[in-house]
Amino acid sequence: MKINQSKALIAISAIALFSILPSSSDAQINLKSDDGKLSLKLIGRTNFDAGMYLDTIDHADNGVCVNDTRLGINAKYGEKWSTKIEICYTEKTISFRDVYFNYEFNKNNHIQFGNFFMPFGIKALGLAYKFVEDASVDYAFCPARKMGIAYMYTSDKFNFTGGIFSDGNVDKKAINQGLNLSAKVIFRPIINESTVLHFGVAPLYTNSPNEPSFTGIMPTTIHTNKLISTGTLGAPSYLRYEGELIFIHKKFYLEGHYQGANVDMRNEDAYNCGGWFAQAGILLIGDQQNYNKSTGLAANASPKNLELLARVDELDFGTKGGRQNDLMIGINYFFSKNLNMKLNFVNAHVKDGESFNLIQLRTQFSF
């Protein structure tokens, strides 16, 4: 949808006004069977986005959209079995997202099988995570959901996830889809009510008929703009890897990731590329940043909290695609557990190329 700057400002103002309307903090639908063994919870979310470029750029449009609307259920049977089924409507297309079963041996050990994220990057929390859009580095290297099975162990000090996944989409019927071998180890030397110190490493090996390519984008949902790209790399196998740090102390939050890939090219020397991003936040209103021990990821702030954030990243594809640098400043307010608003300023710069500046606003309702 193309609109001029004045209309974009009106849309941003309207969404901001909508976001301050009252909402119930208990907007949730739960059902139980007569015997109490089966329970169902309806889940969903929708994002109202508006964005405006601060530059005069021919191929970069201002816009508004209802982005990534989801509906699904979480179900639990007895003490051991659970499932999640979620569908998504975005860009005029309906598709499956999380579709998996989970069996819990005990509070520390469980297995999961179906279509879900491999243990790599921060996409596991999706568009609910801190900023309106993922870091360009995470977008480039973090894979989409895949069909597979994984074992997961969680304790206060350690997380371990390891699994085997296909390399095709959930609706792909081909027999030869390739495979992914994925693992992640997290160590938390400090974890208490006010402080978390977290270190993690994650290797991801892929052998697939789907030849890889890596892309850096303008980090916005309003206008899809590929800034740099490696193009298709003729390679049957490649290794992605990640190292990460999370530190939380009361109001303060810091997170850093390095991600990279080593690609086994058929007729050339191995190709290496990578990048890093770091983001930090402080609560201007609120007392404690949140952390999810099960996912091993920092979580959104609590209701009535106001958060100021900054993120920098650098993505380097070398001679096959060039380099991209991004800076993002964000402010988030959480009206309730169901309604939040995120306002981001984005500066993206391609080395020896264009520079882009954007303001983007999201109001998100979830249940």
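What follows is an account of ring pairs, charges over rings and the surroundings of one asparagine.

The model is predicted, so local features are reported only at pLDDT of at least 70 and side-chain atom pairs only at pLDDT 80 or more, while totals for chains, interfaces and linings use all residues. Residues are numbered from 1 along each chain as its sequence is written, and side-chain values use heavy atoms, with hydrogens and water left out.

A search of the whole structure gives 15 aromatic pairs. Rings of Phe, Tyr and Trp (for Trp, its six-membered ring) count as a pair if their centres lie within 6.5 Å; planes under 30 degrees apart are called stacked, over 60 edge-to-face, and the rest tilted. One of these pairs, Phe101 with Phe113, is stacked, with 5.7 Å from centre to centre and 25 degrees between the planes. Phe101 belongs to strand β5 (residues 93–104) and Phe113 to strand β6 (residues 109–116), so the pair ties together parts that are 12 residues apart in sequence. Helices (H or I, at least four residues) and strands (E, at least two) are DSSP runs numbered from the N terminus. Phe101, at 43% relative accessibility, is partly exposed, and Phe113, at 29%, is also partly exposed. Here buried means under 20% relative accessible area, exposed over 50%, and partly exposed in between, with a 1.4 Å probe and protein chains only.

How are the rings of Phe141 and Phe214 arranged? Their centres are 5.2 Å apart and their planes stand at 45 degrees, so this pair is tilted. Phe141 lies in helix α2 (residues 136–141) and Phe214 in the loop between β10 (195–207) and β11 (215–217), so the pair ties together parts that are 73 residues apart in sequence. Phe141 is buried at 0% relative accessibility, and Phe214 is buried at 3%.

Charged side chains also meet rings. A charge sits over a ring if NZ of Lys or CZ of Arg is within 6 Å of the ring centre and within 35 degrees of the ring normal. Lys130 lies over the face of Tyr253, 4.4 Å from the ring centre, and the charged end of Lys320 sits over the ring of Tyr271, 5.6 Å from its centre.

Finally, Asn357 is located in strand β21 (residues 355–366) and is buried at 17% relative accessibility. Its contacts (heavy atoms within 4.5 Å) include Met52, Tyr53, Asp55 and Phe345, not counting residues up to four places away in sequence.
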